[in-house]
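Open the model in a viewer and keep the selection panel at hand.

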Amino acid sequence: MLAVIAIAQLMVVLDATIVNIALPSAQRDLGFTDGNRQWIVTAYALAFGSLLLLGGRIADLVGRKGVFLAGLAGFAVASAVGGAATSFGMLVAARALQGVFGALLAPAALSLLTTTFTDPRERAKAFGIYGAVAGSGAAVGLLLGGVLTEYLDWRWCLYVNLAFAAIAMIGGARLLHPGAPDDRPRLDVPGTVLVSAGLFCIVYGFSNAETHAWGDPLTWGFLVIGAVLLTAFAWWQTRAAHPLLPLRVVLDRDRGASFLAMFISGAGMFGVFLFLTYYMQQILGYTPIKTGLAFLPMVAVMVVVSVLTTNVLVPRFGAKPIVPLGMALSAVGMAWLTALETTSGYGLHVLPPLLVAGLGLGLIFAPAMSMATAGVAAHDAGVASAMVNTSQQVGGSIGTALLNTLATTAASNYLSGRRPTPQAQAEAQMRSYETAYWWSALFFAVGFAVTVVLYRRGRPANSHMNDGAVHM
């Protein structure tokens with residue numbers, strides 16, 4: 001059962017980055033601009049992040065197994081449409097549709113994990129593996145994207161999901177049990193509309209900042225509207241008879257700290273994967289598969305550290321020293337990447353900061369996911385799981401959009417008043433990457449401060465770490 005859930009989660013997470021390596025090839029094939037390329041990534045995260053809470057509550061209402069299988073089937077169909085795309089618009093639409101079905105699939109998978117593995121040792125092992133998959137899935141996507149792009153075609157970065165979905169559907173149909181609780185909550189329609197529209201406006205506003213100035217109404221207008229809608233959602237949740245996101249889910253200190261940790265690490269991680277991919281391909285001249293292989297050591301470190309963290313470190317020391325340490329190490333890794341130059345080599349300059357970042361992210365993801373879903377009542381498991389994914393994906397989409405905007409501005413400022421020679425173009429790219437790395441380091445530094453303050457001291461109590469379905 002754990003293998004089935006892990007495959008589904010891997011498919012959802014790696015799809016956020018598997019197209020990154022394929023982007024240059026897709027861009028040449030379909031003829032879209034540099035300014036539009038981020039929408040291939042953002043369309044997926046936009047639909048996914050804005051609908052996750054709805055998807056999680058649907059899993060609580062309808063039953064987790066049914067929603068899990070429906071999400072797999074829809075994700076596969078959307079992937080097939082994207083692989084067959086003949087235009088930029090068709091590809092963006094398919095990516096958005098992937099996000100819609102991913103919003104059904106991801107919370108159903110995590111809530112199945114939460115309500116199935118209730119024994120402390122089994123839970124620690126399951127979340128160690130799941131956290132490793134969730135944390136390293138982005139890098140696995142880069143590796144797999146490199147292999148498929150180089151030896152087949154960029155379209156196979158989407159077609160490959162058909163194989164993942166088929167395996168997970170067969171296993172899920174046989175192994176999973178229907179997971180709807182007896183006391184099913186009702187759907188909070190006003191809350192659903194408010195939070196989905198609010199998250200959409202926030203992500204769209206940040207994404208729009210690259211092609212429109214920050215003072216443009218299409219940028220700040222959407223950001224303001226999004227903030228107002230999310231504020232209204234928070235107010236409504238205190239008054240709704242059946243709130244979409246009950247306050248008991250988010251007000252626990254450890255759980256709230258975990259949601260924020262996922263948001264901040266998502267913002268810092270996804271954007272950097274994008275820029276480091278372009279650096280290795282366009283500056284160092286790496287092939288797609290060589291670029292993917294370059295991330296493999298980072299993936300290995302994340303997997304080992306994630307399992308070790310949830311099985312050994314967190315039960316002994318608690319989350320407070322572990323997750324903040326991960327944030328600090330990730331910030332160091334990002335800051336270290338700013339030293340890269342056009343003449344840098346992989347072994348001496350790229351690999352060391354990648355390993356440090358992998359160590360840091362491994363210390364963040366698994367304990368944050370486990371703490372975010374521990375002690376949640378069965379009828380809230382879906383929405384709590386959705387909140388984990390929402391935090392990571394909305395953070396990732398905002399981070400990608402914001403870093404892309406800042407990087408593009410840095411490159412334009414460097415080229416202003418200079419002749420656009422190949423050397424100047426390369427230096428402008430390096431300035432843009434350096435800007436993105438510094439901002440990412442700042443994100444993780446903020447994450448360090450937040451998690452130090454919010455996480456409780458000491459080992460987690462049973463009600464927070466070990467019991468899978470305890471009423472708050």
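Start with the largest pocket of this predicted model, which has a volume of about 510 Å³. To centre the view, select Leu199, Leu230, Phe233, Leu245 and Met387, the closest to the pocket's centre of the 20 residues that line it.

Next, colour the elements around the largest pocket. Those that give two or more residues to its lining are α8 (189–208), α9 (217–237), α10 (247–250), α11 (253–283) and α16 (381–415). Now colour the lining by residue class: 16 residues are nonpolar and four are polar, with no charged residue. Colouring by domain shows at least three lining residues from each of domain 2 (189–243) and domain 3 (245–457).

Move on to the second largest pocket, which holds about 400 Å³ of space. Here the selection is Asp34, Arg37, Ala411, Gln429 and Ser432, the closest to the centre among 20 lining residues. Then show α2 (18–30), α3 (34–62), α11, α16 and α17 (422–454), the elements with two or more residues in this lining.

Which element gives the largest share of the lining of the second largest pocket? Select α16, from which six of the residues come. By class, the lining of this pocket divides into eight nonpolar, nine polar and three charged residues.

Finish by colouring domain 1 (1–178) and domain 3 (245–457): both give residues to the lining of the second largest pocket, so this pocket lies between them.

Terms used. Residues are numbered from 1 along each chain as its sequence is written. This is a predicted model: local features need pLDDT of at least 70, side-chain atom pairs count only at pLDDT 80 or more; totals for chains, interfaces and linings use all residues. Side-chain values use heavy atoms; hydrogens and water are left out. On a 1 Å grid over the protein atoms alone, a cavity is a set of points where a 1.4 Å probe fits but cannot get out, and a pocket is an open set with protein on both sides within 12 Å along at least five of seven lines; lining residues have an atom within 4 Å of a point. Grid points are joined across faces, edges and corners, and a volume is the space filled by probe spheres set on the points. Helices (H or I, at least four residues) and strands (E, at least two) are DSSP runs, numbered from the N terminus. Ala, Val, Leu, Ile, Met, Phe, Trp, Tyr, Cys and Pro count as nonpolar, Asp, Glu, Lys and Arg as charged, and the others, Gly among them, as polar. Domain bounds come from an automatic or database domain assignment.
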